Every structure is written in structure tokens, then in C-alpha cells.
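Dear colleague,

Please find below the structure I am handing over to you. My findings follow directly after it.

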Amino acid sequence: MSPTLLIILVVVVFPLLWSILISFQELKLIQIGRANPFAPLTLDNFRLVLRSGALWSSLWTSAVYTFGSVVVTTVIGMVAALAVRKPFPGRTFVRAAFLLPYVAPVVAVTFVWKIMLNPEFGIVNEFGQRWLGWSEPIPFLTQSRGIWDLFGLQIPVPTALLTVILFEGWRYFPFAFLFLMARLEGLSSEPEEAALVDGATPWQSFRYILLPQLAPVLTVLVLLRTIWTFNDFDDIFLLTGGAAGTQVASVRIYELLTVQRNVGAASAQSLVLALVLILLLGIYVTVLRRRGERV
Amino acid sequence: MSRSYSYDTWNRDRVQRMLFGIARPVVIGVLLLWVILPFYYMVLLSFMPIESLLRDPGRLWITPDEFTLSTYEKVLRSVQDGGQGFGSFLANSGVVSISSVLLALAIAIPGAYAVARLEFFGRRKVNALFVATYLFPAIVLAIPLFVLFTRLGLRGSLVGLVLVYIAQTVPVAVYMLRNYFETVPVSIEESARLDGLGTFGTLWRITLPLSLPSIMATGLFVFMIAWNEFLFALLFLVDRRESWTVSLGLAQLSGSIEVPTTILMAGSVVITLPVIILFFATERLLTGGLTAGAEKG
């Protein structure tokens, strides 16, 4: 029995099993000091959670948020990695700077974003009103649905949700950037040189030579980012508190736990969240295997 | 026909090359601006009195006569002295992060070594368990730990928080270290054995010194997680201001309207600086350690 295995058992497997147990028991926050693992079992928590519309809407929000964030972070990470691929003066500095959003404390960066996007004295709204002709400040983090007037077309946009996705793009593109850059550096330049001789355009060279070689890293990246974004709590909680159409599943669990003080229901919902995630990942892996990729 | 075709691709090739040639510096410039701007704004506001911000919010510079350091003084001073107590938040976070690093390494090093070197039952299963750690949201594990720590009286103590951070970081630490241990040639260790060192002697005298860069990278990774972590600090410590970590402190104070924004910006700078300094000092080590698996493709 290795010590590591023991630690994992104690801090991961054991809490997980206990969490499953709690989800089948009636447990309120106030009774927590006397929580009894052998309390009678009940399906009430699941009944409560599954029947409430809030569960499904929060899972849907999580799914949209995850999809948007993963696409944005991966695309920006890819563009950034390709842009700094060839040497130029200041490259070391630029590469290090690109990693800043990822290493800085989440509380500090969400705070700055909140201040910058503030409708009263935020610099973004000041700038927009002064230079971009916005007629009124945009409440980026508190408006669930705005109307975007594009050449007379009234397009409804989920303002706050888009803003948090944009924030995710800012904060997590460095992760994709780091992995793609490492992979790009490890690639042999011969296939690209051969393609150049054969008259491939830069786009063709990227599409048919580079992209297939990056596919395995991209697969892992998308997998990891999906798991982490789907479970993400900090970013949304700190930016919007889950208001304005951004209540993702993990924020709802937190509210069940601390506002409604229902530990059992919070456990039940967190298990549903984990199951949905496992299901999504199962589909993802199956699709990739069908297409002949090694996962 | 074939001539016009080749002319066409040649032309397209040239257009694309020109486009990409222009796009590259533009992309780098725009991304750099986008990444740096929030940090620049954070530092800018931290040196400004709140009145200046409210009077003219659209500025990206500061005049010498409004430059002030009083924001830093106010944010760091203890509550009794009329400050915000970030000094004690820094101390709490320092204690929590450093203990997490030392303990996580003490557990992960032998663990990673065992996974890398010794054949034992269920090695693949251990890998699967590591992955499983990340499948479940932190909040799933948070609930039973919350119950358990309440019963043990560990909630509200920094000890409980350290335990959670160890749990969260040990799996990745084992993964990072294992990748490195596997690159240390077995033949070196075998010659050490022949010279009479035992398993632990070999690990201590031979493998560890060789793996020092990787161990430092792993330690820094744990430090950054522990320093930046928010959810568990919020769940366990929210009622006890004297135990708040930097992240929790900033989040709680920014939720109230009483503390001026510029003072909290000074707080943000103060809690961001240690991580960024550590990161730049060791950037090469850290990025290499994290992506060691990716390079193999």
C-alpha cells in the first residue's frame, strides 16, 4: 500500500463515498455538528433537486458556458502559440506576459475586471461612451439579456454570460497557449518545408500539416478544459455571484449549501453534476474513438 | 488552363503570406495589450486616491501630485490601527501555502518514486484514481469535508485548509514528479545499489538531487494553488476574520461598499506580486514541468 494511494483514498475516495451517502439522507446545515452517517436513507433530496427547474436551467447554463469558454480559450491559445512561434525581439517577454492571467490570483483579477466593467466609473464604459458612441453604459455583469442594435436589427444577447466567457478566454488561454507552444517546439520542421517546396500556401500548410500534428494535444486540452470549466465555481461566483443568467451548476450547489442550508440537496445536486460530466466525457471519448483517434 | 491555375495559387499564396505577415505583429500587439491592460489598471488605481478615480474615471495615467502610497499603508495595517488587515491575511496565506508545499512534497516524492520505479499491484488503477480526482467538482468533495471538519472542530482552522490543499495538489504533484523520475536512468540507481545504498538511500542521495529542478517546479505549482485558492477558504474560514487568507480577504472586502476601490486595488497588487515574482523567477522550470507529458505528444 503506497502512502500516495492512502492519501487519495482518505481525501478523495472517502469524501466521495460519504457525499453519495449524504445525498440519500436528510441533513440540514444546522444539524451538521451531529451528522450521523447511519441516519435513515431517503430519496427526498433527489426528488427535490430533479423536480426543480433550477437544476436543469443551471446545467444548461453550465453547458453553454463550458462550450463557449473551451472554444474561446483554445482558439486564442492556438492563435497566440502560432503568432510567437518564430523568433522576434522580445519574444521571451511576450511569452511570459501571456501566462500572467493564468498565474495571478483569481480573486484579484476578477476584482479588476469588475471595476473595469463597472457601469458607473468603469473604464470600459467610459471609453465606449466617449469614443465608440455608446448612448448609455452597458451593465456587463448584471444584465442577463441585452438588445444589440446592429444596422436596425435587434439582436438579443446574454450580456453577462458572454462577459464571463470572454473573461474565461482571457484567464485560461495561457493554458492552451502553453501546451500548444510546447508541442509546436517539439515538431520537426521537415514536413512544412516539404509542403512549401510543393507550393502549399500558409493556410494549407497549417490546415493539412500542422493541425493534424497538433490534434492529440488539442484533444487532451479540450478534455481537461471541459472538465475544469464545467466544475468551475470561482470565476463566476466572483464576477456575477451567479446572477443575471450565469447561475452555473456549481454556484447553485453553493447556494443550496449556504443559503438554503440543505446539505443533503446540495450533495444530491453535486452528484447529478458529476454524472452529467461523466456522461458528456463518455460521449466525447466515444466520438473520438469512432474517428480513429487514440484516447 | 493549367497556367491560369498555377497563376491563381501563386497569387493566393502571395496574398496569404502578406496577410499573415501583417497579422502576426498585430495579433501579438493586441493580445499583449489585452493581457497587460487589467494588470496595468490594477497598479494604476492602487497609487490613486479614490477621489481622483471618481472625478475622472476614463484615464489611463496618473499625475505626480495625486500619486499616493497611503492606499498601501491603509490596506496593510491591522484593523485595530484603522487599516484593512492585509498584513495578517498575507501571514495566514504564507503559513498555509508553505506548509502545503512542504507536506505535499513529503507525500508526493515517495509516492511518485514508487509509481515510477517499483512495480506494484494496481499501478494503472492509481493513474485512473488521479484522473478521477479531477472529474468531480471541488464542491462535491467540499461538502463531506465541510461536515467532517465541523465535527472534528477543524473548520475555521488553517490546519484543515492545509489538509484540503494537500489533497488537491498531491495527485498532480505525483504526476509531474513521476514523469521526471522516469527520465532518471535506472543504471545510475543500480550502481548506487551496488555501492551499498538501500532504496531510500538511493532516492535521497542520487535521484532527488538529480530531480531538483522538477521538485522545485512541483513545489511552486503547489504554492500557487494554495496561495490563489478561494472556494475552500470561503467555506471553512468565512466566519473568522483573523484566519482569512489573502484571496478570501480581498473577496470579502470587495463585497462591501465601505472600503474604497483604490485601497482594495493596493490589496490586489499586494496579493498578486508574490505569485508573479515567484513565477518569473522560475518560469522556465515551471512551464517545462507542467508540459513534460505534452511534449511526448
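Leaving aside residues up to four places away in sequence, A:Ala80 touches A:Phe98, A:Phe173, A:Phe177 and B:Leu31. Please bear in mind that this is a predicted model. A:Ala80 belongs to the largest nonpolar core, which has 154 residues; together with B:Ala108, B:Ala142 and B:Leu177, A:Ala80 touches the most other members. The greatest contribution to this core, 16 residues, is made by helix H8 (residues 159-186) of chain A. Within chain B, domain 1 (2-70) and domain 2 (76-295) both supply residues to the core, which therefore lies between them.

Turning to the interface, 75 residues of chain B are in contact with 72 residues of chain A. On the chain B side, helix H1 (residues 2-46) provides the largest share, with 18 residues. That side consists of 53 nonpolar, 15 polar and seven charged residues.

As to chain B itself, there are 15 helices and zero strands, and 41% of its 297 residues are buried. Of its contacts between residues at least 6 apart in sequence, 73% join residues at least 24 apart.

Yours sincerely

Notes
Residues are numbered from 1 along each chain as its sequence is written. Chains are lettered from A and ligands numbered from 1 in the order in which they are written. This is a predicted model: local features need pLDDT of at least 70, side-chain atom pairs count only at pLDDT 80 or more; totals for chains, interfaces and linings use all residues. Helices (H or I, at least four residues) and strands (E, at least two) are DSSP runs, numbered from the N terminus. A residue is buried if 20 or more other C-beta atoms lie within 10 Å of its own, exposed if 12 or fewer, and partly exposed in between; C-beta atoms are placed from the backbone. Two residues are in contact if their C-beta atoms, placed from the backbone, lie within 7 Å. Ala, Val, Leu, Ile, Met, Phe, Trp, Tyr, Cys and Pro count as nonpolar, Asp, Glu, Lys and Arg as charged, and the others, Gly among them, as polar. A nonpolar core is a set of buried Ala, Val, Leu, Ile, Met, Phe, Trp, Tyr and Cys residues joined through C-beta atoms within 7 Å. Domain bounds come from an automatic or database domain assignment.
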